[in-house]
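Hello,

Here is the structure for you to look through. Please open it first, then read my notes below.

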Amino acid sequence: MNEFIIERASQLLKDGYDGIIGLRKRWGHVGPYLFTNIDELKALALEPRYPLAATVRLLQAKWPEKRLGAVLRGCDERALKRLEERGIYRRDGLTAIGVVCSQEQAEECNCEKPIYTTFDCTGCWKCIEKCEDEAITRINVCPIVVPNEFDQGLGKRKAIYIPFAQAVPLKYTLDPDHCLKLTNHFDCKGCANVCEAKSVMYEDEAIEETIEVGAILIATGHDFFHAPLLPQYNYGRFPNIIESMEFERLCSASGPTGGKVLLADGRVPESVAIIHCVGSRDSHTNSYCSRVCCMHAMKQAHLVKEKTGAQVYELYIDIRASGKGYEEFYERVQREGVLFIRGRGAEVVMQGGQLMVKAEDTGLGRPITLSVDLVILSTGMTPRRDSEMVARTFHITRDRHGFFMESHPKLRPFHSNTDGLFLGGTCQAPRDIPDTVAHANAAAAEALSLLSRGKVTIEPLVAEIDPERCSACLVCIPLCPYQAISLNGKEANVTEVNEVLCKGCGACVAACPTGAITAKHFTDQQILAQIEGVLAT
Amino acid sequence: MSRYFEPRIVGFLCNWCAYSGADLAGTSRLQYPTNVDIIRVMCSGRVDPTFVLKAFQLGADGVLICGCHPGDCHYSEGNYKTARRVPILIKLLEQFGIEPQRLRLEWVSASEGDRFAVLVNEMTEQIRELGPFNRNGGGENG
Amino acid sequence: MAKPKIALYWAASCGGCDVAVLDTNEKILDIASIADIVFWPIALDFKYHHLEAMEDGSIDLCLFNGALRNSEQEKIAKLLRAKSKVMVAFGACACFGGIPALANFTNRDEIFERAYIEAPSNDNASGTLPQTLTKVNEGELELPEFFDTVSNLDQVVVVEYFMPGCPPPVDLILKVVDAFATGQLPPAGSVIASDKTLCDECDRTKEEKKITRIYRPHEIIPDPKKCLLEQGIICCGPATRGGCGQRCIKANMPCRGCFGPPLGVIDQGAKMLSALTSTYEAKEEEEIARLLTELVDPAGTFYRFSMAKSLLRRKRPVPVEVGAK
């Protein structure tokens, strides 16, 4: 801040101003001083506060013909304005360099100055435009507020933020889509100004690196079913219909409500309906069972009961509680008074300002309507939205639901079809935390085992080129996706195959017009013999 | 003798997708006709046009080549080579008086067991409609 | 000591192979001095009955050119085989069918229809077609039977040597004659050509086989130093035996495959098709459709000389109704 002020003051002096009124530190405390040359400005002090309005008035009255500048803070400007209102002083002719006090100074003075540390600042900049005194020259906080993705959009965050309290590494990151400076809207340095470690780097860019590895473990996780795809639940049309992940954030002590279960208008719900199998076990959307929702729906029911004592209804098709302690938990939740109604939640409507859930109670054999304050939709687990791109990049097959396909459903559930590529967790199939830990651990163990062997066993299915037949027509070379074929060095009269790179696909064998390439164990003779065999009657 | 005959179709299936898909049709106990004799190759890109011609020379009524979907080839691009070879081969076969439906290229992934069963069914019926290949031993002089 | 006896015969042929023998120029006199030519219809006045009168195995070397497409040619081929110690399939037609074998894309009825009825220069209102036996006042007239399918020589008789080429190059002919004269003929069954393909002897620079467009030879003037295939002109060199001295390549024209398939390749056309389509740059449907329009006549392009020896050999005859008699 100092340099900026000094620079502006120096500029005014260079432009021919006769003097700059400011504070100078001398003999242990600050006092007003008229700086008349640039060297003196080195001693310019900004704090602690000393009222300069009287000094300005005096000097201007003494030398009305001189051009003066002054380093003024907001309260000085306010004082001068009051003096002007009383007719004692005339402001024109004075060029002010505005100073914004630090937080400590503002607190000490109990000042009403504009403070940019409020969470509600939207960065409209109207204050900067409006302030004719130009008292607002620097900001010292991020003014941008956007919905917080981790809180499922229920809470807010700044454009410089930590994703969530347990993030690793626990460092702040700039949001390139919303930060004013990174999006080139404004040269805002609010965050950098206050950073004591001076570690905000706007120029930081993603660097692409190529790393050679021996094994890859894909653990890219999952997404959730997008509730608006089932319009009968009216998600997004009426308030207080939320997805299960949104409820998780409401319950969380680090979430937008600090752990309180609240409706959109801040009231505590008195009745809650939890609808199971939204986007699961559904021929219209996903036919599979998402495995985890029954248990987390029960947990959420338990938390609602604990936090609010509200009446909770669970609308289910079947209860899947197959893990350790899961069945016991189910019984406990029932004992706590949660009502389990067997019947798929069919529709959620608003009647007279009240949410109504329609379903069939198959136990009673008749349709029911539940009047509730809050509806939680247990949305199913789906593959991530970018799983197609990831699958292409790593050559992983996807099953018909889009999850990454394992090598064998029973015996190799964490291997993919490519050697050295392993699958861990929910990217392969829906599963809960203990199962994910086991699955991913197994995949990691397999990867480590592969690396620790020191040797790799490769298939003997490689191509071989007969130098007696090869005429170096070069048809084969561009066909190999592994660049395993090359000319034999200086002589360059035949091509040869690198057996370690060759994976045995046989594309070169089929294309070689001289028949010089053989695919070991899948030779032309063997295949032709098979053809003859199957067609011999 | 009626017009009914059992087509003999030679199938070249790639190990990673098509063959696994056919395997899945089997483990899923899906019913499909036995008219396709499957020959496993590592990649559909291994299928030399010579194999197809040999099959027809020996009297096959149809040839089916199955590989991974474009973009999913286990060896990255093998199926693209097949995708280029087969249309020209079909055009060549037409010049030889062989109906284009007798050579078929399809993409079957490892999870598409039901698709494979449907495909075999469809092709068998189609070839049955077309009739036998009837090479008469290669067309002797006369 | 009697001079060795040589016979030459032309079957379904253009006469070019005989001209090639004459192309040996003055060396023909050397040949005539070391051997007796006992049968050569195009040049010498020997008749069939002379041939029939010879003892079996009395001809030391028979150079047989032309494909076999009628009963006369078949008969003489068998006769010459009986009379000769060494039978050489001389020229592409005798080796693998050659250009005449392209008639395997049609059949006798269609050919007769076209030649004797349809052709615009005909004056054949009565629609007369050749018959094998015609009764006239003076007796019976015989014409050879015209076959549906053209064969190459070794599909009818056993052949010791194959000299490919359309026609075989003069230096190769002289090499054979020389080897024959000095008793140093290679093992029976050999093809008198290189065991590698034309690419091995082609002088042009090869960089990267990635074809983006196919041109017919008249569409562009190719760079005489670069590989023709890489420039988009279909050169069958990769799938053709070498040994011809790259005569077409030197004239800036692509190889058409007259030296036949390389050693071990059972179907020349299939391999050339595979090589060409594999290196063509196309992934999307439109690109593959473009390839289809650019490759106008795959059968004619890939089987120009080797149709009779290919796997399918001929166009499939019209299928007979199963059960119909």
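**What I found**

Read along its sequence, chain B follows the pattern β-α-β-α-β-α-β-α. That pattern comes from four helices and four strands. Keep in mind that this is a predicted model.

Chain B has 142 residues, and 61% of them are buried. Look at its contacts too. Take those in chain B with a separation of 6 or more: 80% of them link residues 24 or more positions apart.

Now turn to chain A and find strand S19, residues 374-379. How many of the six residues of S19(A) are buried? Six of the six are, so the strand is largely enclosed by the rest of the structure. Buried here means that 20 or more other C-beta atoms lie within 10 Å of the residue's own.

The side chains of S19(A) are worth a look. A:Leu374, A:Ile376 and A:Ser378 point one way. A:Val375, A:Leu377 and A:Thr379 point the other way. Both sets are buried.

Which strands pair with S19(A)? One is strand S12 of chain A, residues 241-243. S12 and S19(A) run parallel and are joined by three bridges. Within this pairing, A:Glu243 has A:Leu377 as its bridge partner.

Another is strand S13 of chain A, residues 271-278. S13 and S19(A) also pair in the parallel sense, over five bridges. Here A:Ala273 stands opposite A:Val375.

Then go to A:Val375 and find A:Ala273.

Best wishes

Notes:
Residues are numbered from 1 along each chain as its sequence is written. Chains are lettered from A and ligands numbered from 1 in the order in which they are written. This is a predicted model: local features need pLDDT of at least 70, side-chain atom pairs count only at pLDDT 80 or more; totals for chains, interfaces and linings use all residues. Helices (H or I, at least four residues) and strands (E, at least two) are DSSP runs, numbered from the N terminus. A residue is buried if 20 or more other C-beta atoms lie within 10 Å of its own, exposed if 12 or fewer, and partly exposed in between; C-beta atoms are placed from the backbone. Two residues are in contact if their C-beta atoms, placed from the backbone, lie within 7 Å. Two strands pair if DSSP finds at least two bridges between them.
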